[in-house]
Amino acid sequence: MRIHRVHGANKVKRSGVYFKWSIIIIIFGSFYAWQRIESRKLGYKISEINGRILSLAKENKYLTMKIMDITAMNNLEEVAKKRLGLVTPKPSDIVVMEELK
Amino acid sequence: MRTVRYKIIFICLFIFFMFFIIGSRLFWVQIVNYTFFAQEVSKQSKRIKKTQTLRGNIYDRNMVTLATSMVAESCYIETKKANGLDVELFSKCTGISPADIRSKLNQNKNSVLIKRKLLPDEVLKIKSKNFPGVYFEKEQLRFYPENSLANYVVGVVGTDNKGLSGVEYLFDDFLTGLAKKYVVMKDGKGREIILDNDSEDENRYVVLTIDSRLQHIAEAVLKKAHKTTNAKSLTCIIQNPYTGEILAMASYPSYDPNKKIDPKMLKNISLGDAFEPGSVFKIVTAAAALEKHPEVLSKNFFCENGSYKLAKNITIHDHEKYGLLSFQDMFAYSSNIGFAKLARIIGKQDLWQYARSFGFGMNTGIELTGETSGRLEPASKWSGVSCEIISFGQELSANALQIINSFSTVANGGVLMEPKIIKSIFCNNKDIQTFEPVKIRRVISPATADSIRKMLEAVVEYGTGVQAKIDGIKIAGKTGTAQKYDKHLKRYSDSKYVSLFAGFFPSKKPEVTILVIVDEPKGDYWASSVATPIFRNISSNILEYLNIRQENKFALK
């Protein structure tokens, strides 16, 4: 009878160890799965942000080109002459200001 | 009880067996055959994608953008999915007529191209309407911010973004760059994750020697001059005489590279057209005479009162009737008769030798393609009167660059420089190659160059080039009016002329050499009244920009 009781206690002890190991494995497994899911989610986010960066860069480039187009010398001259009524100065119209030493 | 127990044992064994099978399979897949299956998964979900980097920019010497690229989208329609497409509305959004859209849809193709290289604004407008079957493909759009500025130098690209002319053609491979590779992983829903980028975006660009301000001034003056001369074409080149750098190379009529172009317009007239230089060639004759026979400087030449018979059927004329002229006056008044007599003193071999030394009859060495070398026959092939006729710029042909180079040679003291149009090329802001000035050869001594400079000053002071005069600036220059050879009539035309003026200033220490060519002006064709005023307009407009101070100019202190 005593022997039987000791054997039972060992059994309980062993199943406790198994349980603990199972919990540890489950925790590690869950952590691994969570980490994989999170990294995938981050991957999607990075791809999305990259896409936005590209689209913003594209928009930026387009706007820069619009500025270049507007500030092109031909356009500036046209605006200066037609809209503002400016004229190209003749050499005789320019007075040079010399710096006093 | 026992039966229940057996049943439980059986179920447990069965479950254990099933798990064993699954476990074994997992062991087989995950451990034994891991490499094989990993590769299979990788093959199906990972892909290497290639994207072409944007074509490199082209800048002027002050980093003003002359050509750049951006991503544009081309609009397509999947015909099978396009049922119910509102053609009228779609037409308004794309700017293509409804009839054209309908004919494209009826082409019996799965997919049809509607419009290429749409700008982001246009794409947004179309996307917002959610047209059925409409989709977009990315493409590169080449854009020239300064429109037609320096278009003959910069060149253009075709619809496939391959360079067709100018620097675009010359540096096509360099500007195109390499395709960028990156690894992406696709999941079941088709979403992509970028796993690996093998390289960063390359930033390749070319810097030209062109100064866009000088170029703009030259183009604007030529455009204005076209209205008064009604010429077939007008050309202007501005060069730095000490380095050979081309600061402006303009031609009119011109084209806007952002619009559809007639391929015939792509030819760079400054390089591809050869014509008889006329009297501007007299600097070569004068240089040969001064180098080989310096005594001519103090000689007088009888100019036969405007008409002189060279041979039986060949009589040459001067613009005005001149009698006895000094060497300098003969040059200032551009007497053909005087120069024909001078050529006899020089001799054909020496005249040919100096013409070659000045770079006539051969390519100048500029980086651009499509240059014609002109025509200068060897002295051995010259006829009995060739020497006299060539002395005033006929019976030979030259391109604009050869002429301006010969004037720059005189301007810099006698050294022929290789003309340059490319300043440097860069990759990721690192200077890959800088194109340094190249001295080809010394053609004349500094003393001879100085004598010719003084004679060129006299041309502008009281000779044929007085209209080039600007108060307070010493300008050295030479006019040239050449009859064009008519291939059909097989003789010189009586109605087609080329009018030229080449010069440099300030004459003692020149900053720039300028050449103006007016091809086939209508009405007045004399260089003194056609090309010379254009030279003056360009010169007076660039003085302030180049910070050239007029000697008598009032200055506030």
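**Strand pairing, helix packing and the chain contact**

Strand E17 (residues 430-434) of chain B is joined to E16(B) by four bridges, and the two run antiparallel. The model is a predicted one, in which local features need pLDDT of at least 70 and side-chain atom pairs count only at pLDDT 80 or more, while totals for chains, interfaces and linings use all residues. Residues are numbered from 1 along each chain as its sequence is written, and chains are lettered from A and ligands numbered from 1 in the order in which they are written.

Back to the hairpin. Cys427(B) sits opposite Lys430(B) in E17(B). Two residues lie between the strands of this hairpin, and Asn428(B) takes a positive phi near 50° there. E16(B), residues 422-427, also runs antiparallel to strand E8 (residues 204-208) of chain B, with five bridges joining them. On that side, Cys427(B) in E16(B) stands opposite Arg204(B).

A further sheet in chain B is an open one of five strands, in the order E10-E9-E21-E20-E19, with antiparallel pairing. Strand E10 (246-252) and strand E19 (476-486) of chain B are at the edges with a single partner strand each, so one side of each has no neighbour in the sheet. On average, neighbouring strands of this sheet are turned by 10° against each other, direction ignored; angles run from 0 to 180 degrees between N-to-C directions, and axes are lines fitted to C-alpha atoms, for helices over the stretch in contact. Within the sheet, strand E20 (residues 491-505) and strand E21 (residues 512-519) of chain B run antiparallel and are joined by eight bridges. Ser499(B) has Val518(B) of E21(B) as its bridge partner. Helix H16 (residues 400-411) of chain B packs on the sheet and touches strand E9 (233-239), E20 and E21 of chain B, its direction making about 150° with that of E21(B). Contact between two residues means that their C-beta atoms, placed from the backbone, lie within 7 Å.

How much of helix H11 (residues 282-292) of chain B is buried? Ten of its eleven residues are, so H11(B) is largely enclosed by the rest of the structure. A residue counts as buried if 20 or more other C-beta atoms lie within 10 Å of its own, as exposed if 12 or fewer do, and as partly exposed in between, with C-beta atoms placed from the backbone. The buried set of H11(B) includes Lys282(B) and Glu291(B) as well as Ala286(B) and Leu290(B). H11(B) packs against helix H14 (residues 348-357) of chain B at an angle of about 115°, with the axes 9 Å apart. Val284(B), Thr285(B), Ala287(B), Ala288(B) and Lys292(B) of H11(B) meet Asp350(B), Leu351(B), Tyr354(B) and Ala355(B) of H14(B). By class, that contact has six nonpolar, one polar and two charged residues (Ala, Val, Leu, Ile, Met, Phe, Trp, Tyr, Cys and Pro count as nonpolar, Asp, Glu, Lys and Arg as charged, and the others, Gly among them, as polar).

Another helix pair in chain B is H3 (residues 87-94) and H4 (residues 98-105), which pack at an angle of about 110° with their axes 9 Å apart. On the H3(B) side the contact is made by Val87(B), Glu88(B), Phe90(B) and Ser91(B), and on the H4(B) side by Pro98(B), Ile101(B) and Arg102(B). These residues divide into four nonpolar, one polar and two charged.

As for the other chain, chain A has two helices and one strand, running α-α-β from the N terminus on. Of its 101 residues, 1% count as buried. The contact between the chains takes 23 residues from chain A and 29 from chain B. On the chain B side, E3(B) gives the largest share, four residues. That side has 14 nonpolar, eight polar and seven charged residues.

Finally, a loop residue. Glu320(B) is found between strand E13 (314-317) and strand E14 (324-326) of chain B. Glu320(B) is exposed, with 12 other C-beta atoms within 10 Å. Leaving aside residues up to four places away in sequence, Glu320(B) touches Gly306(B) and Tyr333(B).

Note on methods: Pairing = 2+ DSSP bridges.
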